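Visitor: Please show me the model, and then let us go through it by question and answer.

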Amino acid sequence: MTTLTGRPHTALLVIDVQNGVMATAHDRSNVLANIVTLVDRARAAGTEVVWVQHTSDELPRGSSTWEYVPELVRREDEPLVHKLYGDSFEDTDLEEILSARGIGGLVVAGAQTDACIRSTLHGALTRGYDVTLVADAHTTEDLSAYGAPPPGQVIAHTNMYWQYQTAPGRTAGTVPTAEVEFGVKTPA
């Protein structure tokens, strides 16, 4: 039900699953296994996989911390979006990539839940996209020493509120990896 006219397709958006981000990620092995499963299933269904890669002082471009984890290998024909901000749309070519491919729905996975995932979810919804968060395929690090809740609670809270997120003419929600259906077209 996207509000973006003529964009019936859905893409898997894989955000910041980079070595430096995932080094201390909560439940890393399970989350990463779910993301690998999602990528494999999206490819098998002919669904676009779009990769997002963050650059910062902690993740300098070209460094080993900046690289995607070795378990995930992007194919040459799959778009790669380089970003400097939390919202994957902000000052990037993501919108142009999605528009050119007729994409109006996003299935989101990656890291970090309380930063780039949340920013991108909201950024996509406000721009007119249908946005599904894969509930068991996103993670964050433990920032409780700085006053944040433990990472499991951060993830659970994000899943809870995104499950009930609404906006006129768009859909949002959560789904576990096992229930993600690729190849299903969003109504035009």
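Guide: Two strands pair if DSSP finds at least two bridges between them; helices (H or I, at least four residues) and strands (E, at least two) are DSSP runs, numbered from the N terminus. This is a predicted model, in which local features need pLDDT of at least 70, side-chain atom pairs count only at pLDDT 80 or more, and totals for chains, interfaces and linings use all residues. Residues are numbered from 1 along each chain as its sequence is written, and side-chain values use heavy atoms, with hydrogens and water left out.

Visitor: In strand 6, which residue is the bridge partner of Thr132?

Guide: Strand 5 and strand 6 (residues 172-175) run parallel and are joined by four bridges. In strand 6, Thr132 has as its bridge partner Gly173.

Visitor: Through which helix does the chain cross from strand 5 to strand 6?

Guide: This β-α-β crossover is right-handed: with the strands pointing away from the viewer, the path from the first strand over the helix to the second runs clockwise. The chain makes the crossing through helix 5 (residues 151-163).

Visitor: Which residue in strand 5 stands opposite Gly105?

Guide: Strand 4 (residues 103-111) pairs with strand 5 in the parallel sense over six bridges. With helix 4, these two strands make a right-handed β-α-β unit. Opposite Gly105 stands Asp130.

Visitor: Is Val108 buried or exposed?

Guide: Val108 lies in strand 4 and is in contact (heavy atoms within 4.5 Å) with residues that include Leu13, Ile117, Leu121 and Val131. Buried means under 20% relative accessible area, exposed over 50%, partly exposed in between (1.4 Å probe, protein chains only). At a relative accessible area of 1%, Val108 is buried.

Visitor: What is the relative accessible area of Thr55?

Guide: Thr55 is in the loop between strand 2 (48-54) and strand 3 (80-83). Beyond four places away in sequence, Thr55 touches Arg61, Trp66, Lys83 and Leu84. Thr55 is buried, and its relative accessible area is 16%.

Visitor: How many residues of the lining of the second largest pocket are charged?

Guide: On a 1 Å grid over the protein atoms alone, a pocket is an open set of points where a 1.4 Å probe fits, with protein on both sides within 12 Å along at least five of seven lines; lining residues have an atom within 4 Å of a point. Helix 1 (19-22) and helix 4 (113-126) each supply at least two lining residues. Ala, Val, Leu, Ile, Met, Phe, Trp, Tyr, Cys and Pro count as nonpolar, Asp, Glu, Lys and Arg as charged, and the others, Gly among them, as polar. The lining has five nonpolar and five polar residues, and the charged ones number three.
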